[in-house]
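Open the model in your viewer and keep the selection panel at hand. The stops below say what to select next and what is there.

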Amino acid sequence: MHTPIRRAHGVRRALTGALLTGLTLLTTASPAFADDPSASASPSGDSSGPTEAGTTFRTATALDQGQTGTAQASTGDYLYWVFPADAGQRPTVEATVKLPENAARRSASTWQIDVYDGLRRRQACAYGHQTRKAGADAATVELSCVLRPVRAWSEPWANDPLPGSYYVRLTVVDLPADELGLPIGAEVRPTVKEVGGAHDVDGTLSEPLVPGVSVASAGDGDGTGASAAPRTVAAGEPEDGWASGWWTDRWLWTVGGGVLAALAAVFGYSLTRGRGRPSHVPPGV
């Protein structure tokens with residue numbers, strides 16, 4: 001008479017064990033997808049980068065994520081680099097300027113780093129040292145800019161960071177005219193951090209905001225049957241393509257919620273069906 005009760009308890013124990021095992025596996029696997037430090041490194045594993053910088057948006061020097069670019073220039077020059085950032089990433093740009101010898105300058109200077117997206121919209125820094133003043137006796141000045149997380153989609157009127165190319169511009173914004181032209185050394189390093197599913201939105205861009213992408217797309221659909229020329233993108237693109245990763249930590253909550261719902265359903269059924277026929281009641285009554 002107690003067989004159904006024992007079976008219900010057995011089902012609950014089995015589901016509880018499966019739930020604990022599944023959540024343990026998902027929790028231990030999550031950092032491998034979302035917080036893998038190698039995701040921010042250069043694909044080749046080499047952080048060395050180009051030794052020149054562009055002087056306009058069109059001639060910006062391409063950098064990979066985690067790659068360091070250097071340049072020798074003069075005070076007053078506008079230096080440009082460009083790197084890719086995809087949805088679910090939070091870009092950080094760090095720059096170091098090696099100032100001229102103290103004997104060659106007499107005044108303080110103010111340096112600034114600006115970041116623009118693929119539409120050349122200036123992106124505000126969430127935090128960091130975007131503008132810094134260097135004294136007349138300073139040897140270097142360090143700047144940084146941490147952007148907001150890149151969103152997969154946004155309203156047309158919004159200025160949210162979107163997947164695509166990001167341009168870095170480094171220059172001096174306050175310096176006496178007689179000290180312009182002195183030699184400097186510049187170093188820039190863009191990195192990204194995976195922020196996970198907390199910033200996921202419904203919707204995606206049809207194309208990332210990169211130079212030449214609209215021209216290449218038009219060539220693909222011209223109906224002539226001829227293949228378009230290979231797309232030339234200044235900043236390249238992520239190794240696994242734009243927004244191609246299917247994994248976010250929302251899968252943990254989805255799977256865990258489903259298992260909990262199933263367990264609750266079985267437990268509720270065992271409560272509502274009762275304990276079966278009492279042993280002292282004969283069959284057929």
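This is a predicted model: local features need pLDDT of at least 70, side-chain atom pairs count only at pLDDT 80 or more; totals for chains, interfaces and linings use all residues.

Start with strands S4 (89-98) and S10 (183-194), which run antiparallel and are joined by 10 bridges. Strands here are DSSP runs of E with at least two residues, numbered from the N terminus, and two strands pair if DSSP finds at least two bridges between them.

Residues are numbered from 1 along each chain as its sequence is written, and side-chain values use heavy atoms, with hydrogens and water left out.

The four strands form an open sheet in the order S2-S10-S4-S8, with antiparallel pairing. S2 and S8 are at the edges with a single partner strand each, so one side of each has no neighbour in the sheet.

**Strand S5**

Eight of its eight residues are buried, so S5 is largely enclosed by the rest of the structure; buried means under 20% relative accessible area, exposed over 50%, and partly exposed in between, with a 1.4 Å probe and protein chains only. Show the side chains: Ser109, Trp111, Ile113 and Val115 point one way, and Thr110, Gln112, Asp114 and Tyr116 the other way.

Which strands pair with S5? One is S7 (residues 131-134), antiparallel over four bridges, where Arg132 stands opposite Trp111. Another is S9, also antiparallel, over seven bridges, and there Tyr167 is the bridge partner of Tyr116. S6 (residues 122-123) is joined to S5 by two bridges and runs antiparallel to it, with Arg122 opposite Tyr116.

**The turn at Arg120**

Go to the hairpin of S5 and S6, which has five residues between the strands. Arg120 is in this loop, and its phi is near 60°, a positive value in a residue other than glycine. Most residues other than glycine have a negative phi. Is Arg120 buried or partly exposed? At 42% relative accessibility, Arg120 counts as partly exposed.

**The nonpolar cores**

Select Trp81, Val97, Trp111 and Ile113, which touch the most other members of the largest nonpolar core, a set of 29 residues. A nonpolar core is a set of buried Ala, Val, Leu, Ile, Met, Phe, Trp, Tyr and Cys residues joined through side-chain atoms within 4.5 Å. A second, separate core of six residues includes Phe57, Val82, Tyr116 and Tyr167.

**The cavity**

Last, select Thr75, Leu99, Pro100, Arg105, Ser107, Ser109, Trp111, Leu175, Glu179 and Leu182, which line the largest cavity. A cavity is a set of points on a 1 Å grid over the protein atoms alone where a 1.4 Å probe fits but cannot get out, and lining residues have an atom within 4 Å of a point. About 60 Å³ of space lies in this cavity. By class, its lining has five nonpolar, three polar and two charged residues; Ala, Val, Leu, Ile, Met, Phe, Trp, Tyr, Cys and Pro count as nonpolar, Asp, Glu, Lys and Arg as charged, and the others, Gly among them, as polar.

Key: On a 1 Å grid over the protein atoms alone, a cavity is a set of points where a 1.4 Å probe fits but cannot get out, and a pocket is an open set with protein on both sides within 12 Å along at least five of seven lines; lining residues have an atom within 4 Å of a point. Grid points are joined across faces, edges and corners, and a volume is the space filled by probe spheres set on the points.
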